[in-house]
Structure formats: C-alpha cells, structure tokens
Amino acid sequence: MNFWKRAVLALTMAAAFSVSVPALAAQQYSEARTTQAAVVDAVVARPLGVLVTGAGALLFAVSLPFSALGGNVGEAAEVLVVKPARETFARCLGCTSSAQKSAKNDIE
C-alpha cells in the first residue's frame with residue numbers, strides 16, 4: 001500500500017510542477033521568443049512535458065473503465081494525453097502556447 005501512496009504523491013507533484021513551470025515561464029518571458037526562452041523550454045519544459053504526457057497516459061489507462069462507464073472517454077483522453085502531448089511536441093521552441101504561430105509563419 002505504501003508503494004501506491006508514493007506513486008500517487010509523485011504523480012500529483014509532477015502534475016503540479018508541470019503546471020507551475022510553464023506559468024512561471026510565461027510570466028518571466030514576453031510573447032516574443034528569445035534565446036533564453038528557447039533554452040528554458042528545451043531544458044526544462046520539454047522534458048517535464050514528456051513526463052507529464054507519460055503520467056497522463058498512465059492515468060488515462062487506469063481511469064479508462066470509469067471513463068467508459070461515464071461516456072467521456074474522448075474528453076478524458078483530450079485532457080490527460082492529447083493536450084500535454086500537443087504542448088510538448090507541437091509547440092514551437094520558446095513559444096509559451098501551442099496556439100501561437102509556428103516559426104515558419106513568423107518569418108512570412
């Protein structure tokens with residue numbers, strides 16, 4: 001039982017940390033991409049995003065029977081897996097949100 005308590009605590013802390021780091025980065029850096037923002041994104045935010053995406057996939061798998069009973073499998077997948085994966089892998093380096101234009105569109 002002690003193992004499960006530690007696992008839940010670790011996942012909760014990772015989720016809280018992953019939410020706070022991008023918020024702090026967004027406050028610290030302006031919307032304009034800078035070298036510092038790209039470095040912080042590559043060194044801190046992206047590895048945390050990979051961890052959060054993996055933890056979300058694990059939580060999604062655990063909660064899948066309950067989500068299926070409730071009829072909200074798509075919503076659970078969107079929140080736990082798709083959104084963190086989009087922020088990790090589809091966002092341009094140094095951007096604070098995946099909704100921002102890609103680097104290719106910024107040049108034009």
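Select Cys92 and Cys95: the two form a disulfide, with their sulfur atoms 1.7 Å apart. The criterion here is a pair of cysteine sulfur atoms within 2.5 Å, and in general a disulfide is a covalent bond between the sulfur atoms of two cysteines. Look along the S-S bond and you will find an angle of -55°, which makes the link of Cys92 and Cys95 left-handed. The structure holds one disulfide. Cys92 is buried at a relative accessible area of 14%, and Cys95 is buried at 4%. Buried means under 20% relative accessible area, exposed means over 50%, and partly exposed lies in between, using a 1.4 Å probe and protein chains only.

Before moving on, a word on what you are looking at. This is a predicted model, in which local features need pLDDT of at least 70 and side-chain atom pairs count only at pLDDT 80 or more, while totals for chains, interfaces and linings use all residues. Residues are numbered from 1 along each chain as its sequence is written, and side-chain values use heavy atoms, with hydrogens and water left out.

Next, select Asp41, in helix H2. Helices are DSSP runs of H or I with at least four residues, strands are E runs of at least two, and both are numbered from the N terminus. Which residues does Asp41 touch, not counting those up to four places away in sequence? They are Arg46, Pro47, Arg91, Cys92, Leu93, Gly94 and Cys95, where a contact means heavy atoms within 4.5 Å. Asp41 counts as buried, at 4% relative accessibility.

The side chains of Arg91 and Asp41 meet in a salt bridge, 2.9 Å from N to O. Arg91 lies in the loop between helix H3 (73-89) and helix H4 (103-107) while Asp41 is in helix H2, so the pair ties together parts that are 50 residues apart in sequence. Both Arg91 and Asp41 are buried. For a salt bridge, a side-chain nitrogen of Lys or Arg must be within 4 Å of a carboxyl oxygen of Asp or Glu.

How many salt bridges does a search of the whole structure find? It finds four. One of them joins Arg86 and Glu78, whose closest N and O atoms are 3.4 Å apart. Arg86 is partly exposed at 36% relative accessibility, and Glu78 is partly exposed at 34%.

For a surface stop, select Val39, Val43 and Val44, a nonpolar patch with about 240 Å² of accessible area together. Areas come from the Shrake-Rupley method with a 1.4 Å probe, and for residues only the protein chains shown count as cover. Val39 sits in helix H2 (residues 35-70).

Finally, colour by pLDDT, the predictor's confidence in each residue, from 0 to 100. The protein averages 78, and 64% of the residues score at least 70. Select residues 101-108, where pLDDT stays under 50. Where pLDDT is low, the predicted coordinates should not be read in detail.

Definitions and conventions
Patch = residues over 30% accessible without salt bridge, like charges linked within 9 Å, V, L, I, M, F, W, Y side chains within 5 Å.
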